[in-house]
Amino acid sequence: MAKVTKQEVAGIGAKTISFVKGKGNLNHNNREFICKNVHEERVQWNRVYKRETLKEAYDYCFGDALAEYNSKQKRKDRIKQDYIHEIEHSGNKEKVFYENVVQIGKMEDTAVTDENGNLAEAAGQVIKVLDEYARTFQERNPNLYMFNCVLHLDEATPHLHIDYIPVAHGYKTGLGTRNSLTKAFQEMGFAKATGKRDNETMAWQRREREYLQYLCAGQGIEIETLGVKRDNYTLPEYKKAMEITNELQKQANEMQKQAKKDKIIIDKYNLEAEALKKIEQVLKEDENNIKGTAVPVKNFFGNGEYVKIKKNDWGHVLEAYKWAKSKEKLLEQYEETIIAKDNKISQLQIFKKNCISFISKLGLAERFNEFISPKSVKKELKKKQEQVNKQKQDKLFYSQEKHHKREQAEI
């Protein structure tokens with residue numbers, strides 16, 4: 001079956017949804033300067049939905065909370081003058097603001113203009129989706145204050161730059177209202193994180209993508225499977241590739257289970273090997289003892305060497321020989337099993353390499369690597385330590401503030 005090119009993919013009709021983190025370059029977004037990829041003659045086509053300065057946005061979001069906090073402070077060194085500066089130097093990895101870039105389609109299937117320089121029909125459909133998404137963003141996300149939002153039509157493909165500040169309420173110490181992305185998502189109804197791949201941000205992104213898919217459906221725009229590349233595949237080939245991918249993921253699960261079992265078996269054999277080394281040492285000692293019971297005798301019948309040994313000692317020699325031979329057979333069996341396991345591990349490693357090569361062609365390499373190589377224990381411990389340190393700092397701050405209030409009350 002012949003394969004299609006990227007340009008021919010447009011004929012299939014399906015488009016991709018791109019919903020990624022932006023760099024947050026407000027000067028670029030607001031065209032304070034013009035980059036090489038910008039068509040200056042189309043700058044006036046851009047649509048501005050919201051444009052506030054960062055200071056104006058922070059005054060609106062946190063001004064009252066900051067004033068209330070400062071009014072309660074008796075010491076000048078506790079007064080907060082610049083909350084933006086505080087967030088910039090926060091140890092909690094918070095950002096002053098966040099940005100998402102939203103795009104439907106690619107340059108090959110959703111160019112802004114046609115060959116005559118007019119607005120292309122496909123771009124017109126996408127603009128309706130992005131326009132509705134931008135206008136409803138604040139209503140859908142009450143705890144993400146959108147202070148800058150621009151639809152760019154002066155580049156290759158229509159796309160939105162949405163800049164927002166997370167706003168969380170209900171803090172009992174310090175500012176009552178703060179910049180906190182996690183808390184803002186939780187306040188909007190998203191469940192607390194249960195793992196690296198299941199956190200508040202990912203749940204929110206899933207919801208926003210689903211809403212974009214809903215808007216696209218309303219405009220008759222077909223959307224590809226999220227996160228999977230289909231370039232150079234026909235639809236039947238793509239479906240077949242996805243079936244193979246799912247099968248590979250199942251086999252990867254089985255590989256992990258089998259690898260754990262093999263490790264347990266090999267560890268067991270290693271213990272047995274250590275035990276056999278000790279047995280060999282004991283046998284050597286017994287051999288020396290047996291040699292002491294054998295007395296060399298002169299040979300009258302040929303050139304060979306002979307020894308004489310007591311009947312009782314001879315019985316012990318026979319028993320030791322039988323025991324040693326049985327252990328030798330057992331050791332051979334262990335060695336054969338270990339060799340078989342080593343061969344199996346080599347086969348699995350080759351299979352894993354082939355899986356990664358195939359999955360890379362489908363654009364799933366990063367997800368697959370995360371699956372087979374989860375976050376290290378060391379990183380988890382470091383994260384936990386940072387959380388403990390943060391709790392200690394909050395506790396110390398609360399204790400000092402409580403002590404200060406007690407002193408003020410006594411005065």
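**Arg-31 is buried in this predicted model, with a relative accessible area of 12%.** Buried here means under 20% relative accessible area, exposed means over 50% and partly exposed lies in between, as computed with a 1.4 Å probe on protein chains only. The model is predicted, and local features therefore need pLDDT of at least 70, side-chain atom pairs count only at pLDDT 80 or more, and totals for chains, interfaces and linings use all residues. Residues are numbered from 1 along each chain as its sequence is written, and side-chain values use heavy atoms, with hydrogens and water left out. Arg-31 is placed in the loop between helix H2 (26-29) and S3, where helices (H or I, at least four residues) and strands (E, at least two) are DSSP runs numbered from the N terminus. Although Arg-31 is not a glycine, it has a positive phi of about 60°. Most residues other than glycine have a negative phi.

**Five strands form an open, antiparallel sheet in the order S2-S4-S6-S5-S3.** S2 and S3 are the edge strands, each pairing on one side only, and the twist from one strand to the next averages 20°. Two strands are said to pair if DSSP finds at least two bridges between them. S2 and S4 run antiparallel and are joined by five bridges, with Val-102 of S4 as the bridge partner of Phe-19. S4 in turn pairs with S6 in the antiparallel sense over six bridges, and Asn-100 has Ile-162 of S6 as its bridge partner. Six of the seven residues of S4 are buried, so this strand is largely enclosed by the rest of the structure.

**S5 is mostly covered, with nine of its nine residues buried.** On one flank, S5 and S6 pair in the antiparallel sense over eight bridges, and the two form a hairpin with six residues between them; Met-146 has Tyr-164 of S6 as its bridge partner. Strand S3 (residues 47-51) is joined to S5 by four bridges, and these two strands also run antiparallel. Within that pairing, Leu-151 of S5 is the bridge partner of Arg-47, while Lys-50 stands opposite Cys-149 in S5. H5 lies across S2, S3, S4, S5 and S6, running at about 160° to S5; for such angles the axes are lines fitted to C-alpha atoms, for helices over the stretch in contact, and the values run from 0 to 180 degrees between N-to-C directions.

**The largest nonpolar core has 35 residues, and those with the most contacts inside it are Ile-104, Tyr-133, Leu-144, Leu-160 and Trp-204.** A nonpolar core is a set of buried Ala, Val, Leu, Ile, Met, Phe, Trp, Tyr and Cys residues joined through side-chain atoms within 4.5 Å. At least two residues of this core are supplied by each of strand S2 (17-21), strand S4 (98-104), H5, strand S5 (144-152), S6, helix H6 (181-187) and helix H7 (200-218), and the largest share, seven residues, comes from H5.

**Phe-137 and Tyr-164 form a tilted aromatic pair, 5.8 Å centre to centre with 40° between the planes.** Rings of Phe, Tyr and Trp (its six-membered ring) pair if their centres lie within 6.5 Å, with planes under 30 degrees apart counted as stacked, over 60 as edge-to-face and the rest as tilted. Phe-137 lies in helix H5 (residues 121-140) and Tyr-164 in strand S6 (residues 159-166), so the pair ties together parts that are 27 residues apart in sequence. Phe-137 is buried at a relative accessible area of 1%, and Tyr-164 is buried at 3%. A search of the whole structure finds 15 aromatic pairs, and ring pairs link Phe-137 and Tyr-164 into a cluster that also includes Phe-19, Tyr-98, Tyr-133 and Trp-204.

**Arg-178 lies over the face of Tyr-171, at 4.1 Å from the ring centre.** A charge sits over a ring if NZ of Lys or CZ of Arg is within 6 Å of the ring centre and within 35 degrees of the ring normal. Arg-42 likewise lies over the face of Trp-45, at 5.7 Å from the ring centre.

Note on methods
Contact = heavy atoms within 4.5 Å.
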